[in-house]
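Subject: Structure for your review

Dear colleague,

Please find below the structure that I am handing over to you, together with its sequence. My notes on it follow.

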Amino acid sequence: MTKGFVSLVGAGPGDPGLISVKGLRLLRSADVIVYDRLVDKRLLSDARADADLTDVGKIPGKLINRQEDINNLLVGLGKSGKRVVRLKGGDPFVFGRGGEEAEALAAAGVSFEIVPGITSAIAAPAYAGIPLTHRKLASSFTVVTGSEDPTKSDSAVDWQALAKVSDTLVILMGQSNLRSIVEALMRHGRSASTPVALVQWGTEPYQRTLVATLSDVVERAAAMGIAAPAVTIVGEVARLRDTIRWFDNRPLFGKRVLVTRTRTQAGALSEMLTQRGAQPIELPTIEIQQIDDRGELDKALKSVYHYDWIVFTSTNAVDVVFRRMAALELDARALHGVQIAAIGPATKRRIRDKGIIADFTPSTFVAESVADELSALGMDGRRVLLPQAELARDVLRTGLAKQGAVVDAIAVYRTVTPQNTAERLRHILSQGIDLATFTSSSTVTNLVELLGGNTDGLKDATIACIGPVTAERAVELGLKVDVMATQHTIAGLMEAVESHFKEAGQNE
């Protein structure tokens, strides 16, 4: 591509899930991403690994990243032939100065497009449970900047008209001038009893909302410590928050949760946490590595028809085995006549993804149950292939052997501690976490290893384990386990965590 192109993309107000489908597609394909201070950094993880990321965020009170310099940067990148995404908080054309950037690009002859975003003027009230219009309360709303002091004689904002005309008034960037704005509205006719809501960090897991009146909102906001960024909503609709509040009354709202699963497996748990209002902080403490010496596994797979059973104890084992089968030019047909066992529903689903329905899943998802329940199917003399982790417990192999099975237990992968993780872990713990989740004994072992054996940073956190084996390891390493799932699955872990915090709230 010789001709550059700039996309002015609205990132939305914070929650990364609110970016548009088109905006996300452009973000993932861009050569350069030029982003603002208030853009949620989780969005940047969707950028290409080789994309250049440039922070041009303005910091209140500091003369850095002037708008003129940003305009020139975009023009220069466009002329150099780059595919540029200018990622702007909210919507580019709602107090985002996107119009000025578009003018500069047009004047320079650089091709560009505008991708609208959800403005915080709409999103923050919505996440606070405040509709800007309501059939019985408000038939219009007005959005205005609050960055201009209403006491200025040359203010471009007609506060007198706004006080008398608009049903609902939404003020952006007005926190530093809140007192002057409130006084101007009351001076021009708004009743002191008019409801006012302040929504700080709207749509983020740490969103905070205050509902007050014009007469006391300044003092109450100061007492609560509400600062920028905040959206102010003035009008009767603010009273509806008590009725339709939804975002910040979810069971885990505001909880900072450490997720220690592998990077590829963390997504499901993080999504469940997000749905419940928590802020998942992913720090994989294990990384899966395929065993370099594949001779033993290759030999078993080439004669896999000799086995009566293959027992999969993890999704990792499934992935490694089927990757190796593909390398050997084998597919699911090679397993014809071989019965398949899966230790739990996640492993069962992964096997199904490969086109095979598991013949057996135990009622309790631990190795002991697999061995005990398989005995009812008659294992005496049966040949069993057991692909597993390098340092897996020997419970399953010995249990099957006691039943007369001939077991080939083959280490097909190992778990290792990811590099360059310890420093980030210390930083996360210094900011505080409310909950640490562990989905295997390896995640516990590696986390404590990263801490040098000192678990003091976790003493105030709730410790949640997926099952008894993981919990036992946590206790051995000096952790106090607060939550253990009855069903040893991610869904079971979430259910146990939710119940724990619900009970804790009731006992306060």
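In these notes, a residue is called buried under 20% relative accessible area, exposed over 50%, and partly exposed in between, using a 1.4 Å probe and protein chains only. By that rule, 49% of the 508 residues of the protein chain are buried. The model is a predicted one: local features need pLDDT of at least 70, side-chain atom pairs count only at pLDDT 80 or more, and totals for chains, interfaces and linings use all residues. Residues are numbered from 1 along each chain as its sequence is written, and side-chain values use heavy atoms, with hydrogens and water left out.

Overall architecture

The C-alpha atoms of the protein chain fill a box of roughly 95 × 65 × 45 Å along the principal axes. Its secondary structure comprises 18 helices and 20 strands; these are DSSP runs numbered from the N terminus, with helices being H or I of at least four residues and strands being E of at least two.

Helix pairs

Two packed helices are described by the angle between their axes and the distance between the axes. Here the axes are lines fitted to C-alpha atoms, for helices over the stretch in contact, and angles run from 0 to 180 degrees between N-to-C directions. Angles under 35 degrees count as roughly parallel, over 145 as roughly antiparallel, 65 to 115 as roughly perpendicular, and the rest as oblique.

The axes of helix α2 (residues 67-79) and helix α3 (residues 98-108) come within 9 Å and cross at roughly 45°, so α2 and α3 are oblique to each other. For helix α13 (residues 367-374) and helix α14 (residues 395-402), the axes come within 8 Å and the crossing angle is roughly 15°; α13 and α14 are therefore roughly parallel. The crossing of α2 and α3 is right-handed, and α13 likewise passes α14 in a right-handed crossing. A crossing is right-handed if the near helix is turned clockwise from the far one by less than a right angle, and left-handed if anticlockwise.

The loops β2-β3 and β8-β9

Several findings concern these two loops. Leu38 is found in the loop between β2 (32-35) and β3 (52-55), while Trp201 is in the loop between β8 (195-200) and β9 (208-213). Together with Tyr206, Leu38 and Trp201 make a nonpolar surface patch of about 260 Å². Such patches consist of residues with over 30% relative accessible area and no salt bridge, where nonpolar side chains (Val, Leu, Ile, Met, Phe, Trp, Tyr) are joined within 5 Å and like charges within 9 Å. The areas come from the Shrake-Rupley method with a 1.4 Å probe, and for residues only the protein chains shown count as cover. Leu38 is partly exposed at 36% relative accessibility, and Trp201 is partly exposed at 30%.

A salt bridge, meaning a side-chain nitrogen of Lys or Arg within 4 Å of a carboxyl oxygen of Asp or Glu, joins the side chains of Arg42 and Glu204 at 3.2 Å, N to O. Arg42 lies in the loop between β2 and β3 and Glu204 in the loop between β8 and β9, so this pair ties together parts that are 162 residues apart in sequence. Arg42 is partly exposed at 36% relative accessibility, whereas Glu204 is buried at 4%.

Backbone features

Most residues other than glycine have a negative phi, and most peptide bonds are trans. Trp201 has a positive phi near 50°, and Thr203 has a positive phi of about 80°. Thr203 also lies in the loop between β8 and β9 and is buried, at 2% relative accessibility. Elsewhere, a cis peptide bond with omega of about 0° joins Ala228 and Pro229; Pro229 is in the loop between α7 (217-224) and β10 (230-234).

Other salt bridges

The whole structure contains 27 salt bridges. Among them, Asp248 pairs with Arg241, with the closest N and O atoms 2.8 Å apart, and both of these residues are buried. Lys480 pairs with Asp482 at 3.0 Å between the closest N and O atoms; Lys480 is exposed at 61% relative accessible area, and Asp482 is partly exposed at 30%. Asp31, Arg48, Asp50 and Arg83 are linked in a network of salt bridges.

With kind regards
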